[in-house]
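Me: I'm new to this one and would like to learn how to read its helices. Could you walk me through a few of them?

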Amino acid sequence: MKPLAERLRPTSLADYIGQRHLVGEQGVLRRMLDTGRVASFILWGPPGVGKTTLAKIVATQLDVPFYTLSAINAGVKDVRDVIESARKGRFFSQQSPILFIDEIHRFSKSQQDSLLAAVEQGVVTLIGATTENPSFEVIRPLLSRCQVYVLKSLGKEELLQLLDRALTTDETLKAMNIELRETDALLRYSGGDARKLLNILDLLCAAAPEGNAPLVIDNTTVSQRLQQNPLAYDKDGEMHYDIISAYIKSLRGSDPDAALYWLARMIEGGEDPKFIARRLLISAAEDVGLANPNALLLANAAFEAVQKLGWPEGRIPLFEATVYVATSPKSNSAYLAGDAALALVRKTGNAPVPLHLRNAPTKLMKELGYADGYIYPHDYSGHFHRQQYLPDELQGTRLWEPADNPAEQRHADRMRALWGNHEDDGSKA
């Protein structure tokens, strides 16, 4: 017999539970389906929220060939074989065949590269599913050819709706004497994961009493039957992008207790330690910054220690670095200054490098004035001498604004001592 989750898999949007922001009356996917034409997209969300089901519904409603590959066991040859099959049947429908790739974040760069031409030419419409942030795991050329839609964990009401549907529509369950008395444990253990909820229900029904004795489902029964902490029940069920967000915001907000709590949630949920360490490293650079540059050094040391020590010992440097980053003074001045510099470059384009800042390795360059007038700072007292460093048209531009913390104020005082308080001529004189 098929698992309950498979038996209840919906085949139309009318039976699909959740993700109303995508499939509701004003949802973007529903509007695309109503037009009869769907562009390539990637579904990003936690396990058990309907990514695969939604892809199949799209293919069914459009009535086009549906190819599916799993990134876990498919190679470049498998991708090319599917594309060739799709190419042969491409002109039988206005909508190109759909290629669904589960766990697309596991595809290597070469595997993703093999999709580019077919997606761009419309040979296939790609629907990818991933539990990881596509920005980090999907190559930019492929990502630019796809829309990304975020799926959310199912809420309490949606899980209860699914539970009611299982008990009232599944023929196997309808034939059983089931008494549903409490649902708190069911919802807690499922963690917003529809598949997990139905698998738990399947597990409970497998242990139903013989004869017509009732199967009582309450909090105690569920906890005893599963006999384990709900966080450890399925490590992939942890809503890691929500938890990591809470972790980062706690670090930024200088709350070490909250940061340690969210870190513990990730550890117990089976999160990848390197993922945690990478986010901690980003926080040290983005949120602590120049207020305490040692935070970046310690976070980087923790990242390396996790890789060297492995698990579970690697949690110890993560604890240490988490407390250090959380309790450090905060500043994002360097981060903001860098973004301001990028915005300035995009706005002003390729401003010429002043001649005195250019190298002059050839005679012709010297004759053209390259490097002429450059002042070597180390030849002067304090290893400093005022001169122009920005392009002519950007003289006087100020990008870095020191934050109000002792470390940056010391830097700011030094800059004022060197350059003075006015930067209106580009030489900061």
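Predicted model: local features only at pLDDT ≥ 70, side-chain atom pairs only at ≥ 80, totals over all residues.

Me: How do the axes of α17 and α18 cross?

Reply: Start with the angle between the two N-to-C directions, where over 145 degrees counts as roughly antiparallel. Here, helix α17 (residues 273-288) and helix α18 (residues 294-309) have axes that come within 8 Å and cross at roughly 170°. That is why α17 is roughly antiparallel to α18.

Me: Which residues make the contact?

Reply: From α17 they include L280, L281, A284 and V288, and from α18 they include L296, A299, F303 and V306. Sorted by class, the contact of α17 with α18 has twelve nonpolar, two polar and two charged residues.

Me: Now the single helix. Which residues of α20 are buried?

Reply: Buried means under 20% relative accessible area. In α20 (residues 333-348), the buried residues are S333, A337 and L344. They cover an arc of only 30° around the axis, so they sit on the same side of α20. On the other side of α20, V345 and R346 are exposed.

Me: What covers the buried residues of α20?

Reply: The cover includes α22 (406-419).

Me: How far does α20 reach from its first C-alpha to its last?

Reply: Compare the reach with what is expected at 1.5 Å a residue. With 16 residues, α20 reaches 22 Å, close to the 22 Å expected. After α20 comes G349, with a positive phi near 75°.

Key
Residues numbered from 1 in each chain as written. Heavy atoms only, no water. Axes fitted to C-alpha atoms, helices over the stretch in contact; angles between N-to-C directions. Helix = DSSP H or I, 4+ residues; strand = E, 2+ residues; numbered from the N terminus. Parallel < 35°, antiparallel > 145°, perpendicular 65-115°, else oblique. Contact = heavy atoms within 4.5 Å. Nonpolar A, V, L, I, M, F, W, Y, C, P; charged D, E, K, R; others polar. Expected span 1.5 Å × (residues − 1). Buried < 20%, exposed > 50% of the residue type's maximum accessible area, 1.4 Å probe, protein only. Arc of directions from axis to C-beta.
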